[in-house]
Amino acid sequence: MAIFGIAIGVAAVIGLGLLAEGLPSSTQSALTEGAADFSVIAKTSNTDGPNGQGGPVGSFGGQELINQTKIGEIQQISGVGSAVGVLRTMTNLDNTTSTTTNSSSPGGDNFRSMTTLIGIDSNSISMNDIVITNGSVYSNEANEIIIGKSAAERSNKTIGDTISISNQTFKVVGIYETGNFQDDGGIVMSLDKLQNLTNNTGKVSLILVKASNGTNSGKLATAIQEQYPDELTTSTSLSGMDRMNQGLDVINTAVWAISLVAILVGGIIVVITMLKAVSERTREIGVLRAIGWTRQRIIKMIIGESILLSLIAIVVGLIAGIGIVEILGSTGMIPGLMPSFSVSLFVKGIGVALLLGIIGGIYPAYRASRLEPTEALRYE
Amino acid sequence: MSDGNIIEIKDLTKSFDGGNITALDGINLEIKEGEFVSIMGPSGSGKSTLLNMIGALDKADSGQIKVAGIDLMQSEDFSKFRLNKIGFVFQLHNLIPNMTVHENVQIPLIETDVTDEEMIERSAELLNSVNLGNRLDQLPTKLSGGERQRVAIARALVNHPSIILADEPTGALDSRMGDIILNLLREIHQKENVTLVLVTHEDYVANSADRVINMMDGKIVT
Ligand SMILES: Nc1ncnc2c1ncn2[C@@H]1O[C@H](COP(=O)(O)OP(=O)(O)OP(=O)(O)O)[C@@H](O)[C@H]1O
Ligand SMILES: [Mg+2]
């Protein structure tokens with residue numbers, strides 16, 4: 001019974017821990033060398049901003065835009081290594097092409113659903129984690145774009161093809177990767193082009209900031225926020241990563257919640273089992289006391305047994321936990337899952353169970369040690 | 001301690017249930033070192049309670065009690081005293097069921113200065129002397145009542161106690177087994193010159209002692 005309870009606890013900690021640690025390890029690789037430390041965005045006020053739905057293309061999801069002049073100002077703040085403006089929008093390429101009269105448009109018939117459009121100076125793409133894997137970067141002046149790896153696969157487009165966006169034709173000159181699933185499904189072009197396309201001249205969605213060497217980026221972010229208390233705020237995670245991280249947070253929280261419940265249940269079961277064992281062995285404990293065992297010796301015995309109990313449960317729980325993860329992994333129920341069997345996780349699981357054994361044994365051991373030998377001996 | 005008394009008790013009282021039950025009502029008793037004393041009396045007269053006081057299993061309310069030179073009215077843990085001076089034999093249920101016979105006898109010596117080798121040697125020797133040398137590795141559940149009681153006696157002796165306190169050790173046994181246990185205790189008492197205090201209901205058992213004490217309503221009557 002107790003073994004079962006602790007085993008469930010260990011299995012939960014190990015199994016869920018494996019899942020939870022597996023997910024971030026596949027996303028964190030996205031952070032590249034040149035990447036920005038944080039982004040500056042407009043402070044969202046609930047009043048409807050003048051921007052966002054202005055352009056013929058895309059939606060800004062309610063995100064207010066920032067005046068481009070802020071980039072220069074931020075660049076002047078001490079500690080800022082570089083600051084670059086980015087305009088982000090979502091568009092449905094199907095719709096834009098369907099409104100064109102040009103039926104032979106090579107535009108993305110195969111682009112389904114919403115596509116992210118990112119406008120950024122071609123010299124600063126590394127700030128947004130963009131790495132060109134094929135071809136070259138676009139020129140800031142020509143109608144050139146680069147497309148994300150998964151966007152390329154999805155739309156069957158490659159270097160040299162053209163895509164029509166809002167009645168303008170763009171040439172694909174490169175394929176890029178960011179490691180961020182949302183951005184990898186998108187299209188990147190120069191900031192000017194996207195601003196023109198969306199009628200947002202002089203506006204950006206966010207400013208990516210990289211601290212200069214030796215500057216604490218957290219402090220810098222705070223400094224910027226303090227300089228524009230009503231207008232700007234900062235976010236340490238970049239754009240699409242936000243959502244990913246939020247998802248991970250939810251999973252992590254769920255993992256801990258479930259683990260916590262499992263641990264609690266395991267702990268309660270340990271206490272109940274050991275209390276039952278103590279009461280069943282009241283007479284035995286009385287005999288041991290009569291023979292000359294001290295209270296401490298009784299406490300040691302009960303806690304020792306409680307630890308033994310949890311050790312057995314650990315073995316069962318480990319096997320169950322790993323088994324569940326293996327099965328989940330092999331059925332492919334969670335795509336992209338890479339369980340990371342880290343030592344620290346096992347140590348965590350075993351540590352938790354051992355702790356349960358000790359803590360769960362303390363109260364029953366205390367009870368046992370308080371038994372009066374005469375009372376215990378009279379007990380039938 | 002005067003006149004070689006190993007047990008000295010004066011005006012000892014003990015009550016239970018917040019004073020509603022008077023188990024010991026002014027006991028005065030002296031027992032000499034090496035003496036064999038039996039205690040008789042009707043059920044509820046306080047025999048076990050008195051034995052528990054001598055063995056420091058319980059604390060008296062008032063009076064004086066000194067055993068083997070130790071004042072048992074002090075408030076402290078007397079585990080050490082029991083370990084070093086006392087050997088208990090109870091009426092029944094007094095072995096640890098999931099330990100072998102051999103281990104049961106060794107329990108009192110665990111975590112003492114006695115080495116493992118000596119523990120095993122002493123235990124085997126004692127179990128031999130109670131004719132259980134061939135049952136060392138069995139669990140107590142496999143033994144008869146009389147055999148279990150002999151294991152208990154071996155265990156009571158393993159720490160070389162000064163006093164053996166036996167509370168109706170033959171009570172749960174048939175008379176033939178009872179005789180064997182009784183003879184064993186008497187033999188040990190004579191050979192080791194250990195003080196033996198034996199609670200019993202049976203006259204013939206009591207009469208084999210050096211002295212018989214009769215109790216009634218928490219008092220010694222003769
Ligand atoms: N722990 C206790 N709590 C309450 N009452 C107790 C306790 N121990 C003994 N008593 C009471 O004290 C009195 C003496 O009990 P004791 O066990 O000493 O009698 P006894 O002479 O050994 O009887 P028996 O021959 O039946 O073993 C009895 O009335 C008993 O109910
Ligand atoms: Mg009794």
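How far does a polar side-chain atom of Thr49(B) lie from an oxygen atom of ligand 1? The separation is 2.5 Å, a polar contact in the sense of a pair of N or O atoms within 3.5 Å. This is a predicted model in which local features need pLDDT of at least 70 and side-chain atom pairs count only at pLDDT 80 or more, while totals for chains, interfaces and linings use all residues. Residues are numbered from 1 along each chain as its sequence is written, chains are lettered from A and ligands numbered from 1 in the order in which they are written, and side-chain values use heavy atoms, with hydrogens and water left out.

A polar side-chain atom of Ser43(B) is placed 2.5 Å from an oxygen atom of ligand 1, and for Ser45(B) a backbone N or O atom is found 3.3 Å from an oxygen atom of ligand 1. On its own, ligand 1 has 630 Å² of accessible area, of which the protein covers 76% (areas by the Shrake-Rupley method with a 1.4 Å probe).

Ligand 1 lies between chains A and B. Around it are 15 residues (each with a heavy atom within 4 Å of the ligand), and those that come nearest are Arg378(A), Ser43(B), Lys47(B), Ser48(B) and Thr49(B). This shell comprises four nonpolar, seven polar and four charged residues, with Gly counted as polar. At least two shell residues each are supplied by helix 12 (373-378) of chain A, and by strand 2 (21-32) and helix 1 (47-54) of chain B; helices and strands are DSSP runs, of at least four residues (H or I) and at least two (E) respectively. Helix 1 of chain B gives the most, with three residues.

The ligand sits in the largest pocket, as more than half of its atoms lie within 2 Å of the pocket's grid points. On a 1 Å grid over the protein atoms alone, a pocket is an open set of points with protein on both sides within 12 Å along at least five of seven lines, whereas a cavity is a set where a 1.4 Å probe fits but cannot get out; lining residues have an atom within 4 Å of a point.

Note on methods: A polar contact is a pair of N or O atoms within 3.5 Å; within protein, one must be able to donate a hydrogen and the other to accept it, and residues adjacent in sequence count only if both atoms are side-chain atoms.
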